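Here's a quick briefing to keep open beside the viewer.

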Amino acid sequence: MPQDAPDQRTALFAGLVCYLIWGFVPLAFQAMGHLGVGAWEILSHRTLWGTPTALAFVLLAGQGRQVVAVFSNPKLLAGLTLSAALIAINWIIFIWAVNSGRVLESSLGYYITPLLNMAAGVAIFRERLDRIGLVAIGLAGLGVVIQAFALGHMPWVSLALALSFGAYGVVRKLVSADAQTGLFIECLLLAGPGVIYLIWLQRHGLSHFTATPATTAWLIAAGPITAVPLVLFSWAARRIPLSVMGFLQFIGPTIAFAIGRAEGEAFTADRALSFVFIWGGAATFTYGAWRRTRALRLA
């Protein structure tokens, strides 16, 4: 057995846990919503409590100097400011969607995201797109068109989630900062406006933070719920093959899809057909990633 096999098994477990958290996270935000907390208040607490959690990971990784270096480099700081804005857009849309009966649309967005990343790789990073990649993107595109007909309008929630997270991935790829450092600075940048908004809510008697012990616990938990899976993802992605990550990344939206169906969201024949094409694109993407990894091993 290869010497690094135990490390790969640990990384596989980390990747699995990461996507399981992302899959079930709609239930956490719905629990906060049921307690009367609005999307913007949830987002503010998410960034506020995500900051100390991310800082803990920075200190564990010994990246304190890298944080200081980023703040002394205007270009890096500008890049992370942009990525923070993009991930905030993604988070607020997602929180609103899962509390507005649109869990299925949110899951569709995260099925599209890896295929969108593939297209971005070609357009921005001059990566080559083989026939399998073209088929995967074509199937996903057809699924989106069918979804638009099924809904009677473009699936804006799905597309906004996919585009914002895809753009976030592109920016983070261009910014030379490790995952822990980048996440900490993003949370720190977003926590400032978040704290101002939370103070405003408190002064106007609209804050839910101390409404009940359950509400307080859920809002504090929003921080680790945000930071832990992102760090696990970054750690796992460096240690296991692309084909494995390509498979794992569809666990999250599949769980979210099951949650949406269990909660009785409308699922017509047209919507079912659109998901068949999206799943076909996802399966084709995974097969292509497996083939590329196998070719590299043989080489």
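Predicted model: local features only at pLDDT ≥ 70, side-chain atom pairs only at ≥ 80, totals over all residues.

Two helix pairs get a close look: α4 with α7, which are roughly antiparallel, and α3 with α8, which are oblique.

**Helix α4 against helix α7**

- Two packed helices are described by the angle between their axes and the distance between the axes.
- For α4 (residues 74-98) and α7 (residues 156-174), the angle is about 155° and the axes sit 9 Å apart.
- Angles over 145 degrees count as roughly antiparallel, so that's the label α4 and α7 get.
- The handedness of the α4 and α7 crossing is left-handed.
- On the α4 side, the residues that meet α7 are Gly 79, Leu 80, Leu 82, Ser 83, Leu 86, Ile 87, Ile 89, Asn 90, Ile 93, Phe 94, Trp 96 and Ala 97.
- On the α7 side, the partners are Val 157, Ala 160, Leu 161, Ser 164, Phe 165, Ala 167, Tyr 168, Val 171 and Arg 172.
- Sorted by class, this α4 with α7 contact comes out at 16 nonpolar, 4 polar and 1 charged residues.

**Helix α3 against helix α8**

- Here the axes of α3 and α8 are 10 Å apart, and the packing angle is about 55°.
- That angle makes α3 and α8 oblique to each other.
- α3 crosses α8 in a right-handed sense.
- From α3, Gln 66, Val 67, Val 70 and Phe 71 meet Thr 181, Phe 184, Ile 185 and Leu 188 from α8.
- The class breakdown for the contact of α3 with α8 is 6 nonpolar, 2 polar and no charged residues.

- Gly 64 belongs to helix α3, which covers residues 64-71.
- With a relative accessible area of 33%, Gly 64 is partly exposed.
- Gly 64 and Thr 181 are 117 residues apart along the chain, yet their C-alpha atoms are separated by 8.0 Å.
- Gln 180 is part of helix α8, residues 179-203.
- Is Gln 180 buried or exposed? Buried, at 15% relative accessibility, given that the cut-off for buried is under 20%.
- Setting aside residues up to four places away in sequence, Gln 180 touches Phe 57, Val 58, Ala 61, Gln 63 and Val 231.

**Aromatic rings**

- A pair of aromatic rings is described by the distance of the centres and the angle of the planes.
- Tyr 111 is buried, with a relative accessible area of 2%, whereas Trp 279 is partly exposed at 32%.
- Phe 267 and Phe 275 make a tilted pair, because their planes are at 55°, with the centres 5.9 Å apart.
- Phe 275 is buried, with a relative accessible area of 0%, while Phe 267 is partly exposed at 26%.
- Which residues form one aromatic cluster? Tyr 111, Phe 250, Phe 257, Phe 267, Phe 275 and Trp 279 do.

- Val 144 lies in helix α6, residues 131-151.
- At 10% relative accessibility, Val 144 counts as buried.
- Beyond its neighbours within four places in sequence, Val 144 is in contact with Ile 112, Met 154, Pro 155, Leu 159 and Ile 278.
- Val 144 and Arg 102 are 42 residues apart along the chain, and 15 Å separates their C-alpha atoms.
- Arg 131 is in helix α6 too.
- Arg 131 counts as exposed, at 71% relative accessibility.

Notes. Residues numbered from 1 in each chain as written. Heavy atoms only, no water. Axes fitted to C-alpha atoms, helices over the stretch in contact; angles between N-to-C directions. Helix = DSSP H or I, 4+ residues; strand = E, 2+ residues; numbered from the N terminus. Parallel < 35°, antiparallel > 145°, perpendicular 65-115°, else oblique. Left-handed = near helix turned anticlockwise from the far one by under 90°. Contact = heavy atoms within 4.5 Å. Nonpolar A, V, L, I, M, F, W, Y, C, P; charged D, E, K, R; others polar. Buried < 20%, exposed > 50% of the residue type's maximum accessible area, 1.4 Å probe, protein only. Phe/Tyr/Trp six-rings, centres within 6.5 Å; stacked < 30°, edge-to-face > 60°.
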